[in-house]
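Please take a moment to look over the sequence and the structure together before reading on. The paragraphs below begin with a single residue and then widen to the chain and its elements.

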Amino acid sequence: MDEDKLAMPEFKVLWSRINAKSVYVVDFDTEDLIQKAIDALNSKLRVSKIHFQVETGTMDAIKSKEELLSGASFIKEEAASYGVTITANSNVKYDLIGKLVDETGLTRKALVAILKGIQPAVFGQFKENPEEFIVKTAALINDEKATTVIEHITYDVLDDHYGTDVFTDPTIKGRLGVNAMKAKKHLYDHIIYDSTGERDFAAELDINTNVAVYVKLPDGFYIATPVGHYNPDWAIAFYEGTVKHIYFVAETKGSMSSLQLRLIEQSKIHCAREHFKAISGDEVVYDVVDSYKSLLEKVMR
């Protein structure tokens with residue numbers, strides 16, 4: 001970490017604007033969520049049956065141990081697929097509820113109501129493939145939960161704040177030219193990036209004369225949401241007088257199409273907007289951008 005950049009007035013002000021922690025409150029009707037989850041499962045939950053394939057053939061000659069171990073000396077002559085019927089006993093049903101509690105964060109009571117409310121044929125898919133049933137059921141419930149969150153969440157500011165020690169915690173190591181690049185205006189003298197989009201975005205930030213300092217926010221800096229922790233991508237401070245919005249927190253996405261963002265992603269983004277409104281009012285702008293050009297459009301207006 002560059003101590004000189006950490007001491008920059010622009011970074012100090014930026015950090016003081018974004019380091020407050022918050023707590024969320026979601027005031028929604030549980031019965032409404034239960035009914036929405038039931039409708040979603042009835043219409044969308046489709047679980048594949050478990051099959052296994054049996055292949056038969058002959059081995060005319062074994063030329064080496066390696067051929068035997070690899071199966072190269074085996075000549076396939078026939079293959080057949082067979083379905084498997086799994087009987088779910090009471091212990092498995094108990095595990096089903098427990099697993100869904102872990103995956104969705106809903107109460108056992110709410111999940112029992114959801115499973116009792118879905119059509120028997122839909123619930124009957126559980127015995128055909130329990131693991132897939134749990135994964136897909138949890139995903140559909142979480143999508144409905146995410147939609148509900150967007151409509152009913154508010155954030156309250158806490159007295160607690162993040163310290164600058166989040167920047168000194170161990171970070172993922174990178175290789176220059178592979179997933180790391182050198183930087184001049186970043187808080188560190190290098191950046192670990194997750195995609196070519198992030199690399200290009202940082203490169204543009206690094207050469208722009210309006211940018212005072214920026215940082216790719218570490219995993220230890222996150223916003224609590226009902227659908228999991230959310231870690232924004234970037235915090236940026238511009239020089240005063242160069243743009244309308246000096247302090248900006250950005251999420252970079254390869255595509256800006258809302259249809260291509262999963263509901264849970266949309267929900268986390270909405271929660272981040274509400275969080276930054278609560279802790280900073282209009283002093284910090286949070287938004288999703290797909291390029292440096294789209295960032296400039298937002299800070300100029």
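Does Ser280 count as buried or exposed? In this predicted model, Ser280 counts as buried, because its relative accessibility of 8% falls under the cut-off of 20%. Ser280 is found in helix 10, which runs over residues 263–280, and the side chain of Ser280 reaches the backbone oxygen of Phe276 at a distance of 2.7 Å.

With that residue placed, the chain can be described as a whole. Its secondary structure comes to 11 helices and 10 strands, and of its 301 residues, 41% count as buried. Among the contacts with a separation of 6 or more, 67% are accounted for by residues 24 or more positions apart. The accessible surface comes to about 16900 Å², and carbon and sulfur atoms hold 51% of that surface.

The mean pLDDT of the chain is 84, and 80% of the residues reach 70 or more. Over residues 88–92, however, the pLDDT is below 50, and this stretch has four contacts in the model beyond near neighbours in sequence. Where pLDDT is low, the predicted coordinates should not be read in detail.

In helix 2, which covers residues 9–18, the buried residues are Phe11, Leu14, Trp15 and Ile18. These residues lie on the same side of helix 2, because they cover an arc of only 95° around the axis. On the other side of helix 2, Pro9 and Lys12 are exposed.

Helix 9, formed by residues 196–207, can be checked first for its length: at 1.5 Å a residue, its 12 residues should span 16 Å, and the C-alpha atoms at its ends are 17 Å apart, which agrees. Within helix 9, the buried residues are Glu198, Phe201, Ala202, Leu205 and Asp206. The arc that they cover around the axis is only 135°, and they are therefore placed on the same side of helix 9. Thr196 and Ile207, on the other side of helix 9, are exposed.

The side chain of Lys216 makes a polar contact with the side chain of Asp194, at 3.5 Å.

The loop between strand 7 (211–216) and strand 8 (234–238) contains Leu217, which is buried with a relative accessible area of 3%. Leu217 and Asn231 are 14 residues apart along the chain, while their C-alpha atoms are separated by 7.4 Å. Not counting residues up to four places away in sequence, Leu217 touches Ile18, Asn231, Pro232, Asp233, Trp234, Ala235 and Val249. Ile18 in this list is one of the buried residues of helix 2.

Phe221 is also found in the loop between strand 7 and strand 8, and it is buried, with a relative accessible area of 2%. In sequence Phe221 and Val166 are 55 residues apart, yet in space they are 6.8 Å apart, C-alpha to C-alpha. Beyond neighbours within four places in sequence, Phe221 is in contact with Trp15, Ile18, Asn19, Tyr162, Tyr230, Asn231 and Pro232. Trp15 and Ile18 both belong to the buried residues of helix 2, and Leu217 touches Ile18 as well.

Lys109 has its place in helix 6, which covers residues 108–117, and Lys109 is exposed because its relative accessible area of 75% is over the cut-off of 50%. Ala110 is found in helix 6 too, but Ala110 is buried, with a relative accessible area of 7%. The C-alpha atom of Lys109 is separated by 9.4 Å from that of Ile97, 12 residues away along the chain, and for Ala110 and Ile97, 13 residues apart, the separation is 10.0 Å. Not counting residues up to four places away in sequence, Ala110 touches Thr30 and Ile34.

Key
Residues are numbered from 1 along each chain as its sequence is written. Side-chain values use heavy atoms; hydrogens and water are left out. Helices (H or I, at least four residues) and strands (E, at least two) are DSSP runs, numbered from the N terminus. Buried means under 20% relative accessible area, exposed over 50%, partly exposed in between (1.4 Å probe, protein chains only). A polar contact is a pair of N or O atoms within 3.5 Å; within protein, one must be able to donate a hydrogen and the other to accept it, and residues adjacent in sequence count only if both atoms are side-chain atoms. The expected span of a helix is 1.5 Å times one less than its number of residues. The arc is that of the directions from the helix axis to the C-beta atoms. Contact means heavy atoms within 4.5 Å. Accessible areas come from the Shrake-Rupley method with a 1.4 Å probe; for residues, only the protein chains shown count as cover. pLDDT is the predictor's confidence in each residue, from 0 to 100.
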